[in-house]
Structures are given as C-alpha cells and as structure tokens.
Amino acid sequence: MEKIQVNVGGASAFVSASGIEALVPDGKAALAKLTDGTGLGNDFLGWVKLPTETSDELLDDINATAARLCELCDVVVAIGIGGSYLGAKAVIEALSNSFAPYIPSTPKVLFAGQNIGEDYLYELKEYLRDKKFGIIVISKSGTTTEPAIAFRVLREQLEAQMGREEANKRIVAVTDEHRGALRTLANTEGYKTYVIADNVGGRFSVLTPVGLLPIAVAGFDIKALVEGARQMEKATLSGTDSSAMTYAIYRNALYRSEKKIEILVNYNPKLHFFGEWWKQLYGESEGKDHKGIYPAAVDNTTDLHSMGQWIQEGERIIFETVISVAKADNELRIPFEESNLDGLNYIAGKRVDEVNKMAELGTRIAHIDGGVPNMQVLMPAITEQSLGQLIYFFEAACGISGYILDVNPFNQPGVEAYKRNMFALLEKPGYEEETAAIKAKI
Ligand code: PA5
C-alpha cells in the first residue's frame, strides 16, 4: 500500500445503501464547489491547490532559514495557537523519536503561545536562561492574545540575552503580508518573514510556512511532506481517488442517523497530536448553526483502559475513525522466558506491533458488535510523505463534509465570543460597553 486508503466496511451496517446513494450527488457537488469556488467561504480556498502551487523556491528558502536557525540556536521556540500551532506540533511529534525527540545537529523545537499558563511561560523562560535560542512567531492575524503575550515575554528575554541586533537575526515571523501588529513589528525590526496567504485559513495552513518552517527546523523533510500532499491533491481533484469523498459521505450519513460524535482513534502514541490537529480542523469547520459532528480523539490502547468502557457500552451516539498504520518503523519481539510467570509465552517471539494490531482488530470488532460504526484510514507508515497525504485527505474531506452539512466550513465566528468577554473583563480600551455589561452579570 503506497497511498492512504479508506475502509468503510465497519460502518456500512449502520447506514442504508440508499442513504449513502442519496448523498453521492451532494458529495460531488461539494467537491465541485471546492474546485470551482462557488461555495460558502470561497475566499478561503487557497489550501485546495496549495501543494501543487507551492514552489520549490519557497521550500528551499524555508530550508535555508531553518539551516540558519540551526546554526545560531540550540532551541527554537515556535509561538502560535490553533492553526498556527497544531499542524507543526502534530507532524513533529509523529516523526520524532519518543525519547530522543531531537535530531542531533537540529535545535530542540519547543512551543509557546498555545496557552496562557503563567507557570508554563515562567518555566520556559527559566529553561531558556542559559540557552542559545531563537523564535518563530506565527500569527495570521498578528493580533492573537496568547501568542502576543508569549512573544512579548520571550522577545524581551532574547533581546536581554543577545542584544537587539543579534536577537532580531534569531526571530522569524510568519504572518499576514500587510496587516496586523506582528507585520508592523517585523517590518520595523527587520525580521525574516514569511507570508500566510489571505485565502488560507489557520486550520488549513500546516502546508504553508506556518507548519513547514518549524517542521524543517526540527530536521524533517518538508519536500517529501508537500509531495505526499501533492499526490493526494491530484488524485482527489481529478477523481482518481475518492477516499476523501467516501469518508465525507459516510460521516454525514452516520450523523443523519444520530451518530453525533466522531472519535479519531490511533494505536500509535506518536499520533496523539495528529488527533489534536484533526479536532481543530473538523470542530472549527463544522460546529456552527447548531449543527456538526463533535470531534473527539483517543490514543489506544492507553485509552481503552479509561474511555473503553464508555465507547463499548455508553450512549450509542458515537462512531469511530481509526488511523491504522501498516508498518512500525522498528522491530521488537517479545522475549521467551522459561518461568513464564506472567503467562506471556504464548506470544513470545511475536512482534510488539503484531500484538498491537490484534488489539486494534479485536477492539474494532468489539465496538462494531457493540453498536459503534467504525471506519478505517489506512496509512503505509508514519513518514513525511504519508503524513502529507493524510493531511490533504482530511482537509479535502473536511471541505466536502462541511458543504454536505450545509455550513460555511471556512469561517469561525464562534471563537470570538470568549475573546470579547476576556477583553471586557481585562478592560481593554474600546471595550467599555462590554465591560459594563459583563460586570453587571458577575
Ligand atoms: O483556524 C483558525 O483560524 C484559528 O484557530 C487560528 O489559527 C488561531 O486562532 C490563531 O490565529 P492567528 O494565526 O491569527 O494568531
């Protein structure tokens, strides 16, 4: 298997063939809207052909910047939140060694600005005190509070440690071409910058410099990542691969039969943050107009010992999508032991991955038997190329699915509500009316 594939066999008993048939025209119309730009939110379709439109010059430039940061820094802090954080985090975690996560000769990539935890930021500052560090600050709007706070704190520290001129050589900003506070600051200070195109929304931006620069700094092959996405883009848009369409149609059919929650399941701890990226992609794209499948994620077999009970026997409003990785990178066999006190000799000599695969299969069968529809996304291995395919697959399916659901998959008006309240409570200038109103409520 070279490309990722979708298996809907474990879901077909839960939806009628006529229900699926009925959605096929909607799925085709949705794909057409993505390609001809006639759907809702069509000013945010820059991601659709992004992989094939990404030039080798840009990738070379990102690799050169990454190499420069590698020379100057032992640690690089990527500052960003939401779509300006999760894609890079997901890919770096998926490709890294779990216990020696940093490739020798590349800087440690750490993340900040994805929360407002005072202890997190304080401890990061302490950690960086005697380090040669750099900053990649990523914000499409350039005004998001969480990364702005982290950037202000860490920039002050970097300037104090290196002097302003040297600090400025170690800061790269990824932001809007013209607008926002970060753009103004970057231009004033002369930071190296990359542009996030206007027509690519945050959660669809992992294959822009937003994701590619931190991934390259971490030592991974961004050309292979983009190449994987290109393969999936060409296959999806030409119709030679209908896996994104199939997945989108099935999840909508399941939603219409009262399956309101989708759980993305992995059996490889390296994919934990891929689940976080996926949750943002689908949650922000579909959860609107009081509609949308709630995206959840579990890491198995770990979570079978916590959430497994609920999934097996709780309310039947869930379905699962399992990311199945065909091949582990390394081989490890279970040793034979004469005493066999733990009773494991029946699997002695087997690969750990074989046991994991049987856990996966056994769980899928148990969940289907227990009334949980189950789809599988099969990937050959966790490599840059297959991750690129997987990213594009889920993005395309998300666009198709959102249009089938009849929402605008590319806006996120709901995320402003908490910000308004926070600004009002913090008495931000310009929010005087909101401050008075919210104070009356508390
Ligand atoms: O998908 C989105 O648009 C959001 O999650 C943003 O990525 C997130 O809010 C960060 O925004 P920005 O990059 O403007 O700082």
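Predicted model: local features only at pLDDT ≥ 70, side-chain atom pairs only at ≥ 80, totals over all residues.
Local features need pLDDT of at least 70 and side-chain atom pairs count only at 80 or more, while totals for chains, interfaces and linings use all residues. Numbering runs from 1 along each chain as its sequence is written, and side-chain values use heavy atoms, with hydrogens and water left out.

**Stop one: the ligand.** Now pick out the polar contacts (pairs of N or O atoms within 3.5 Å). A ligand oxygen sits 2.5 Å from a side-chain N or O atom of Thr144, and Ser84 has such a pair at 2.6 Å. For Ser141, look for a polar side-chain atom 2.7 Å from a ligand oxygen. Taken alone, the ligand exposes 380 Å², and the protein buries 87% of that (Shrake-Rupley areas, 1.4 Å probe).

**Stop two: Thr175.** Next, select Thr175 in strand β5, residues 171-175 (strands are DSSP E runs of at least two residues). Thr175 is buried at 0% relative accessible area, where buried means under 20% with a 1.4 Å probe, protein chains only. Its side chain reaches the backbone oxygen of Ser139 at 2.7 Å. Thr175 also touches Lys140, Tyr194 and Ile196, among others (heavy atoms within 4.5 Å).

**Stop three: α16.** Finally, jump to helix α16, residues 416-425, and colour its buried Lys419, Met422, Phe423 and Ala424 (helices are DSSP H or I runs of at least four residues). The buried residues of α16 pack against α6 (145-162) and α17 (432-441). After α16 comes Glu427, with a positive phi near 60°.

Definitions and conventions. Buried < 20%, exposed > 50% of the residue type's maximum accessible area, 1.4 Å probe, protein only. Polar contact = N/O pair within 3.5 Å; in protein donor to acceptor, adjacent residues only side chain to side chain. Lists of a residue's contacts leave out its neighbours within four places in sequence.
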